[in-house]
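Please look through the sequence and the model shown below before reading on. The paragraphs that follow go from the place where two chains meet, to one chain as a whole, and then to single residues.

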Amino acid sequence: MDLNHAPHVEAFRAEARDWLAAHVPATPLPSLETREGFAAHREWEALLHSARWAVVSWPEEYGGRGVDIEHWLVFEEEYWAAGAPGRVSQNGINLLAPTLFDHATDEQRARVLPSMASGETIWAQAWSEPESGSDLASLKSRAVRTEGGWLLSGQKTWSSRAAFADRAFGIFRTDPDAPKPHQGLTYLMFDLHAPGVTVRPIGRLDGKPAFAELFLDEVFVPDADVIGEPGQGWRIAMSTTGNERGLTLRAPGRFLAAADRLVDLWRSHGDPADTALRDRVADAVVGARAYQLFTWANASRFASGETIGAESSLNKVFWSQYDIALHESALDLLGPDAELADGEWAEPWIFSLAGPIYAGTNEIQRDIIAERLLGLPKGRR
Amino acid sequence: MRFLPTEEQSDFARTLHGLLAASDVPAAVRAWGAGDHTPGRAVWARLADTGLFALAADEAHGGLGLMPPELAGGFVELGRAGVPGPVVETAAAAVLLTRLGDEALAKRFLPGLVAGETSATLTLPGGGPYALDADAATHLFTVSPAGELRLASAAGPLRTSLDPARRLALPDGGGELLATGPAVTAAARDAAHWARLLTAAQCLGTGEALLARTVEYAKQRTQFGTAIGGFQAVKHRLADTLLGLEFARPLLWAAALSLAPGEVAAAKLTAGEAAYAAAMTALQLHGAVGYTEELDLSLWLRKARPLRDAWGSPSQCRAAVLQERLRAP
Ligand SMILES: Cc1cc2nc3c(=O)[nH]c(=O)nc-3n(C[C@H](O)[C@H](O)[C@H](O)COP(=O)(O)OP(=O)(O)OC[C@H]3O[C@@H](n4cnc5c(N)ncnc54)[C@H](O)[C@@H]3O)c2cc1C
């Protein structure tokens, strides 16, 4: 067991730290869930990309540095510690890119990945439908064969950042007669500005248009934008949900930085007599460390050739609950100022509240933990 | 960076696991609680043969050197099996004597402790007032806040813990003065960190044992025509129990690697709370049968709370975590 990084990893950390110190915007960018914030974040990501910090773990030919997960985790620690902006391209990078690496053609990778890395093309995930949330396999949106491609029809919803994004990826029913709901589905990419697409932004809890509904009316998708074999959409989609819940969606660096800020807040606002609140600050410090170490252990297992399966559900439940508790503690420390909508902790708190819902609700994750990790009987679902 | 146990570390834990599984530890625990230490001592002797106690003593006196990760891994297995007696205290006493570097004292006590021929209990500044199993341990060490290391004896009646297998006694305050001064204080501080770390390890093992038994029970107990483990309310509670334990484990490893006070406190806090939560889940999901002393489950159930509070209560550990943070620049 060894928690020390090799000198070349520490050198990489120092390089990242120096670059970030020189380039992270001095004043926070406007919220990425607004039109002007979206544009500002695109610019930031272009700058990040120009120095090859946008996707460090990708191969160099697509704009990355070809480094392993340990480097990536170290980079994320520096990124969040530097107070750098949230990533507007995260859905593409965390969800579509791993799918493309595993299932796409070289042509698709060469066409899609570079502009994703630079923030030029922002991707939205179009999986959920009004009638298909946790029971995603019940989805009804169709893709019907046509000359040279497919015609998409139906409705998708809760598509994060689709209000301002460029393209989307999702699963569609191509064989309505398939015997089981998760058969006869096809994974494909489409243009949010194509004829037949209507995007209706949805205000989240604080009113910002953080997600959108998509109405699709015979939207043409060329064969070149089908990922993998038609009919294999479910298998392809499921192979990447682990990424969403697991290591890559929420890097520990993010929570380490948030816990540090919470300790600072305790220093400046804490009442020494309020030991209950002090204990919650301590729990936030311990929780961030636990999550970091848990991730290092998984990364080590990865590096030694093991696969991480249902364990990613442990991650997801942990960080989503942790995130809320941390932000609630911050609000409690702020006292009457916590109520101010433009406060430093207000939007992060709003954001944290969705954690137990997206990326598979925590109820569904607990089912997975119980059935796949503890071997309990499958219940009715 | 490779944050995984080495082959040797895993092998050692497996060896202990096998040995303890074959030792009828539950019977030894029940006997221990009834004042018969013989079966428990037999388990100890077998443990000592694996080199367990030698991991807390220097090589000059028969030890293998101080090896906290190996020892912590071993103590997870002691917790899993529910081994009775002052195991943590014996290891911590060996650490204290090793760290103190007093040749005469080391020669006098360490070889016996390492070989498992003797055992020790101790109280340290900042720890609880009671010495665990003073009736069973060969030696009772005390370190006073002023830095006096004494070989004491127990005063007053022996008190029974909420866990009947744990007996508590107050040291009499006197006894032979073995050493005094800042070196004692420093060695005692180290020993206290080890005691906290090894208790955290015992907690983790205790919690894992509770979870494993409860999962087995939930698969086999049927109500309303189906295994209760198929009910979502049951599943989710067990999932949360696993979650708590799985996030305590890496904290324990990291604490064993660094022995930094904040890391050790974080590990103890998290493992202690996770084990106690596992006990509450085990109790609830077993229904009434879990609320009896007859089921062996009770041996772990009753340990979880005292272990959570021994060598650093959650509140003391949280204070230690934050103290380290607030001292940082
Ligand atoms: C901020 C945010 C961003 C999102 N971004 C995207 C996106 O970019 N793309 C996208 O496709 N989707 C996105 N989603 C949608 C998200 O994936 C769904 O909300 C999620 O899958 C749950 O579906 P639902 O909301 O329809 O809830 P439902 O499935 O209707 O569930 C409602 C409640 O019932 C519970 N429940 C349902 N089934 C069970 C069961 N079998 N056992 C126990 N409890 C159950 C759920 O846990 C939940 O508490 C986003 C959601 C949010 C909140």
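When chain B and chain A are put together, they bury about 3,900 Å² between them, and 70% of this area lies on carbon and sulfur atoms. On the side of chain B, the residues that lose the most area to chain A are B:Met1, B:Lys235 and B:Phe247, which together account for 20% of what that side buries. The contact draws on 42 residues from chain B and on 45 residues from chain A. It should be kept in mind throughout that this is a predicted model.

We can now turn to chain B by itself. Its secondary structure comes to 11 helices and 9 strands, and along its principal axes the C-alpha trace spans about 70 × 50 × 35 Å. How does the radius of gyration of chain B agree with that of a compact globule? For 329 residues, a compact globule would have a radius of gyration near 20 Å, and because chain B has 20 Å, the value agrees with that expectation.

Of its 329 residues, 59% count as buried, while its accessible surface comes to about 12,600 Å², with 55% belonging to carbon and sulfur atoms. If one takes the contacts in chain B between residues at least 6 apart in sequence, 69% of them join residues that are at least 24 apart.

Finally, two single residues deserve a careful look for their backbone angles. Most residues other than glycine have a negative phi. A:Trp158, although it is not a glycine, has a positive phi of about 55 degrees, and this residue lies in strand E3 of chain A, which covers residues 149-160. Is A:Trp158 buried, partly exposed or exposed? Its relative accessible area is 47%, so A:Trp158 is partly exposed, given that this class lies between 20% and 50%.

The second residue is B:Leu259, which likewise is not a glycine and has a positive phi of about 55 degrees. B:Leu259 is found in a loop of chain B, between helix H8 (232-258) and helix H9 (261-286). With a relative accessible area of 16%, B:Leu259 is therefore buried, since buried means under 20%.

Key. Residues numbered from 1 in each chain as written. Chains lettered and ligands numbered in written order. Predicted model: local features only at pLDDT ≥ 70, side-chain atom pairs only at ≥ 80, totals over all residues. Heavy atoms only, no water. Helix = DSSP H or I, 4+ residues; strand = E, 2+ residues; numbered from the N terminus. Rg over C-alpha atoms; globule rule 2.2 N^0.38 Å. Buried < 20%, exposed > 50% of the residue type's maximum accessible area, 1.4 Å probe, protein only. Contact = heavy atoms within 4.5 Å. Areas by Shrake-Rupley, 256 points an atom, 1.4 Å probe, with all protein chains shown as cover. Buried area = accessible area lost by both parts, 1.4 Å probe.
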